[in-house]
Amino acid sequence: MRRPVRWLTAVALAAGLAVSSAPVTADPATPLTPLRAQGSALIDGYGRTVLLHGVNTVDKDAPYLQPGDGFTLTDESAAILARHGFTTVRLGVSFDGLMPTAGVVDTAYLDRVENVVDTLAAHGIYTLLDNHQDGLSKIWNGNGFPEWAIRARPSDGEPNPGFPLYYLMPSMNAGWDEVWNNPYGVLNHLGVALGALAERMNGRASVLGIELLNEPWPGSPFLTCYPDGCPDFDVKYQRALQQLTDAVRARNATVPVFWEPNVTWNETMPSHLGKNPPITSPNIVFSPHDYCIPSQLAIYLGLPEELRALCPPQQDRTWSNIDAFADRTDIPTMVTEFGDGDPTVLRNTTTRADERFVGWHYWHYSARDGDPFRGELGRELIRTYPQATAGTPDGMIFDSGTGDFAYRYRPRPASAPTEIYVSDLFHPDSYEVKVTGGRVTSAPGARIVTVEAEGTDPVTVRIHRPGSAGADLPTGGGTGSASGFPWLSSGSAG
């Protein structure tokens, strides 16, 4: 005899389980608040540790963010992202768009950026405003810096091999030298532009932060970055970052500012930011990328796809560099780009990020994509995860093969409960929750499970398919691995 859902729910609650019978919208259980850096964590206005999963949306061509261009995210596209548990979008903004004429900020462009930010906020999504460039300027068939801001030009007959090899062009290196040495005031103009952007975002709780510059190239000293990074250049680069940070903070004192390492990082070169001098400004977030260079070579240069077998050791080195930076600076890390569509390469990032409780932005999504988060792509990205924790994370695991999830945290006082998004891809109709050390406070069927601690002991949450014990998570390496988290196999999570 089939029991009614209400009976199942009553039994489940008595046993410490919560059974969800139907999906609901992924609207946040609590309103967005400004985020701040506190040690190595991002903290919300309720005192909770926040973990963000999201996507990039970057419009690289003028006139930028026009209705219907695919990069202007709509209510429909924002709803898709929210339903799948994404809580942040890294929205590309362009120096060329902010200041198309020297010294003159385009307020109409700010209006369009503001509209996208507010559209996303209505769906509970934070926006990271990314000052994006690739190839410095249209002068080199790139994007980002306005042509008036850079005086260097390609020499007659200088070949342009295109992305990414155009960074080796002598003329482009001369252009980057103008940025870092600032002989013509390009950093000053960029500071004014970013300051105007920051001022326009004052009072918007949904603004995650402002990223000062995407994938900055060292210019003519680039060879000094190999094989162990370039400490001398990074000192100069850090001065530039600090100058831009000060310009932003002069117009918006509280917005987090994201510092990205110079782009040789993508080739596993470590960053020397924060060594000399240390990073002392508040609310700074480290924003590295995690790409597999062998995979990128296969994509952009047509080399054999078998090169992707080299990705795990290369990405291990990238994450070792992240660990070293985090240990040195004690500021939060958020991976702001990763992914090339290959599920194995994605898994290398998402697994390593879960192990360290690091958030991320997947590259790339546009409104014209509709809902691409199905199949193997979705299995890696649409994850059950704790969006906000009333405590300190102690370990997390998500099995992208089964959708099973386990999480442990040490509670601390907060004015809102722990919130865990349940993957609508793996659990479209139902799921089971078991909690030790706390209790479920959300309604049955909620897409976001809320948990409150019952004391000061660690709280463990398991979410899995109905009828599954949730105890068959792999104990070896790879996605879903319990290695490093002995509590997952100890039975304490039920």
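View 1. Leu297 lies in helix H8, which spans residues 293-301, and the model shown here and in the following views is a predicted one. With a relative accessibility of 31%, Leu297 counts as partly exposed.

View 2. Eight strands, in the order S10-S9-S8-S7-S6-S5-S14-S12, make up an open sheet with parallel pairing. Its edge strands, each pairing on one side only, are S10 (284-286) and S12 (334-335). Strand S12 pairs with strand S14 (residues 359-362) in the parallel sense over two bridges, and Gly359 in S14 is the bridge partner of Met334.

**View 3. A salt bridge between Glu419 and Arg48.** Among the 25 salt bridges that the structure holds is the one between Glu419 and Arg48, in which the closest N and O atoms are 3.1 Å apart. Because Glu419 belongs to strand S18 (residues 418-421) and Arg48 to the loop between strands S3 (41-43) and S4 (49-50), the pair ties together parts that are 371 residues apart in sequence. Glu419 is buried at 4% relative accessible area, and Arg48 is buried at 2%.

**View 4. Further salt bridges.** The side chains of Arg374 and Asp371 meet in a salt bridge at 3.2 Å, N to O; Arg374 is partly exposed, at 43% relative accessible area, and Asp371 is partly exposed as well, at 25%. Glu380 and Arg383 also meet through their side chains in a salt bridge, at 3.7 Å from N to O, and both of these residues are buried.

Terms used
Residues are numbered from 1 along each chain as its sequence is written. This is a predicted model: local features need pLDDT of at least 70, side-chain atom pairs count only at pLDDT 80 or more; totals for chains, interfaces and linings use all residues. Side-chain values use heavy atoms; hydrogens and water are left out. Two strands pair if DSSP finds at least two bridges between them. Helices (H or I, at least four residues) and strands (E, at least two) are DSSP runs, numbered from the N terminus. Buried means under 20% relative accessible area, exposed over 50%, partly exposed in between (1.4 Å probe, protein chains only). A salt bridge is a side-chain nitrogen of Lys or Arg within 4 Å of a carboxyl oxygen of Asp or Glu.
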